[in-house]
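Dear colleague,

Please find below the structure I am handing over to you. My findings follow it.

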Amino acid sequence: MTATSLTGANASTEVPLKRRLRRAERTRQVKALALVLPLLVFLLFTFAGPIAGMLWRAVDDREVRQALPQTVMALANWEGKDLPDEKAYAAVANDILAARASGTIAIAAKRLNYALNGFRTILTSTARNLKAVPEPGTARETLGKINPAWRERTTWTTIKDAGGPVTGFYLLAALDLTRNVDGAIVAASPDQAIYREIFGRTFLISLSVTVLCLILGFPVAYLLATLPPGRSNLLMIFVLLPFWTSLLVRTCAWIVLLQSKGVVNDSLHWLGIIDEPLRLIYNRFGVCVAMTHVLLPFMILPLYSSMKAISPAYMRAAASLGAPPLTAFLRIYLPQTLPGIGAGSLLVFILALGYYITPALVGGAADQMISYFIALYTTETANWGLASALGAVLLLATILLALVYGKLVQGQQVTGGMKN
Amino acid sequence: MSDNASVRTPSQRIAWTATVVISTLVFIFLIAPILAIMPLSFSSGSYLTYPLPGLSLRWYDDFINSPRWMNALKNSMIIGVASTVMSMVLGTLAALGLAQWKSRLKPLVLAFVLSPVVVPGVITAVGLYFFFAPIGLTGSYLGLILAHTALATPFVVITVGATLQSFDTNLARAAASLGASPIEAFRRVILPLILPGVASGALFAFATSFDEVVIVLFMAGPEQRTLPREMFSGIRENISPTITAAAVILTTVSVILLATLEGLRRRNERLKGSSG
């Protein structure tokens with residue numbers, strides 16, 4: 001009797017308790033999310049939003065549409081196979097007169113000049129010489145007389161391509177591609193096709209720096225991981241102090257050391273090794289040395305932690321099974337450091353790809369990396385479309401590499417730093 | 001010695017010697033440039049080379065009496081402290097939330113929160129330049145503080161998150177069952193325990209802002225130029241010994257930050273050792 005009533009009571013309270021627990025857990029989760037939310041909102045405003053805005057600028061194309069609205073509309077249904085009809089000529093004459101009055105013609109001229117070198121002259125000469133709206137039916141003749149370029153099909157396809165509202169023009173340009181008069185994607189003209197070389201150079205410098213960091217970092221990480229903790233902690237200062245020293249201080253230090261009247265050249269001269277100062281800076285050598293110095297700690301630290309996780313028992317086991325030291329090192333030790341090598345190399349490579357300050361200060365004109373050109377087009381020439389497109393390519397490369405890095409580091413955590 | 005215990009054969013001894021020699025050279029490579037420019041700041045001459053013609057403090061005098069450098073130092077401090085405080089609050093809250101939050105989206109959110117560290121500085125700077133200019137945040141302290149907070153917060157999330165991994169959530173439950181309100185429990189139980197993590201996060205945050213130059217290059221007006229920004233233009237024009245004095249001052253700040261961090265780490269290890 002009591003037993004059944006007890007189980008009955010249990011059964012009746014059990015369900016609400018479960019539900020209550022679930023509800024409590026849900027409240028906890030909502031509260032947890034509420035704690036993260038301020039940061040998410042903040043980053044949306046100060047980080048994700050700005051970057052999304054930059055990506056949008058890489059495809060945004062409204063200058064010509066705003067300055068020459070009638071022309072863009074008149075060309076909307078034009079196939080581009082032949083010269084457009086009289087209506088388009090009349091529209092462009094009207095637009096140029098209106099844009100001259102409102103001052104927007106320079107904006108359109110700048111944008112069209114990116115696509116077709118010399119377009120600025122076409123627009124300004126037309127604006128200067130066009131006295132009034134041409135009589136109906138004579139627009140084609142009038143414009144053709146002012147500037148024969150109006151009789152060229154490319155002039156019109158350029159306007160149509162730049163008619164927006166979105167364009168692939170800048171992204172194509174960032175990869176040295178362009179559209180020809182028939183709209184097909186072709187290689188850009190040699191004077192504009194400079195970005196693949198710059199991306200290649202950025203890749204090459206990053207790769208050299210990564211390899212240098214690995215060669216220099218491996219023995220150091222090995223030493224630090226093998227020494228007893230007391231001494232390795234002391235030596236770790238040599239890695240951590242540069243890591244914490246300002247980038248500008250370190251770059252400045254290398255200039256003081258390597259310039260033609262710098263410490264290194266003076267010492268070599270004093271020792272009688274050289275007569276003429278060596279050119280050690282404002283070239284590729286200087287960039288690689290300074291960047292390796294800055295990024296080396298990012299290689300040593302992950303390598304160190306992966307080596308620290310390797311039990312010495314493995315090497316002893318290999319030795320006791322008769323493996324010569326070199327074989328044991330190559331077949332037992334080295335494979336276990338591979339995740340560390342991968343993580344360190346990727347980290348250094350990712351950071352190197354985006355480098356701006358160091359190459360800008362210690363590199364020559366031929367050593368500037370992609371970030372330099374993004375900055376240049378943003379602040380100096382105000383070619384924001386191209387700056388954003390180059391930024392988009394760099395960002396894509398960074399994100400892809402960061403995803404690989406994430407997978408690698410995650411895998412390491414799961415296997416405890418060991419390869420199985 | 002234990003490190004030599006495994007070294008038995010001559011070839012192993014050679015390999016070990018080579019490791020030591022190469023490592024020593026790398027340590028010199030890492031530390032020598034920083035040490036080399038320090039004495040130059042005490043030179044009485046204006047050439048940046050050795051031997052020094054004599055010792056003097058004239059370049060430090062120059063630094064202190066230059067409104068440009070002093071303004072830069074002030075700006076670095078204002079922006080550094082303000083963005084550190086903001087990132088401490090945002091980062092600690094987020095780390096506490098992330099530690100409790102269970103969702104499949106968590107890795108994605110974490111990746112997003114940490115991404116400002118990985119994205120190249122120029123990209124963030126260009127994006128902010130376009131985004132902040134129309135709303136009047138370029139050429140303002142607020143704009144720079146917001147931008148530096150975004151860059152610095154990931155470090156607080158990482159360090160506080162690491163402290164929370166070893167945090168026993170039963171302590172918070174015990175506080176609640178003893179009648180502490182959530183705020184009281186946070187203030188008197190959770191906060192003291194995660195404080196070392198918050199403090200090292202704050203140090204990283206301050207160092208990030210104090211060293212940042214790319215965003216400042218794009219966004220600062222002449223009034224907001226920071227120390228690294230002044231050094232950048234100084235190096236571009238010509239390196240005067242005043243820059244080496246500025247470099248020594250910056251390095252001193254770095255050493256203080258590093259020493260504090262190391263002290264925190266040791267204290268933490270000692271506490272863990274005594275409780276376990």
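Helix α11 of chain A covers residues 229-244, 16 residues in all, and spans 21 Å from first to last C-alpha, close to the 22 Å expected at 1.5 Å a residue (1.5 Å times one less than the number of residues). Helices here are DSSP runs of H or I with at least four residues, and strands are E runs of at least two, numbered from the N terminus. This is a predicted model, in which local features need pLDDT of at least 70 and side-chain atom pairs pLDDT 80 or more, while totals for chains, interfaces and linings use all residues. Residues are numbered from 1 along each chain as its sequence is written, and chains are lettered from A and ligands numbered from 1 in the order in which they are written.

α11(A) has a kink of about 30 degrees at F238(A), shortly before the proline P242(A); the bend is the angle between axes fitted to the seven residues ending at a residue and the seven starting there. Both F238(A) and P242(A) are buried, as are M236(A), V239(A) and W244(A) (buried: 20 or more other C-beta atoms within 10 Å of the residue's own, placed from the backbone; exposed: 12 or fewer; partly exposed: in between).

**Chain A as a whole**

Chain A contains 19 helices and 2 strands. Of its 420 residues, 40% count as buried. Its C-alpha atoms fill a box of roughly 105 × 95 × 40 Å along the principal axes.

Yours sincerely
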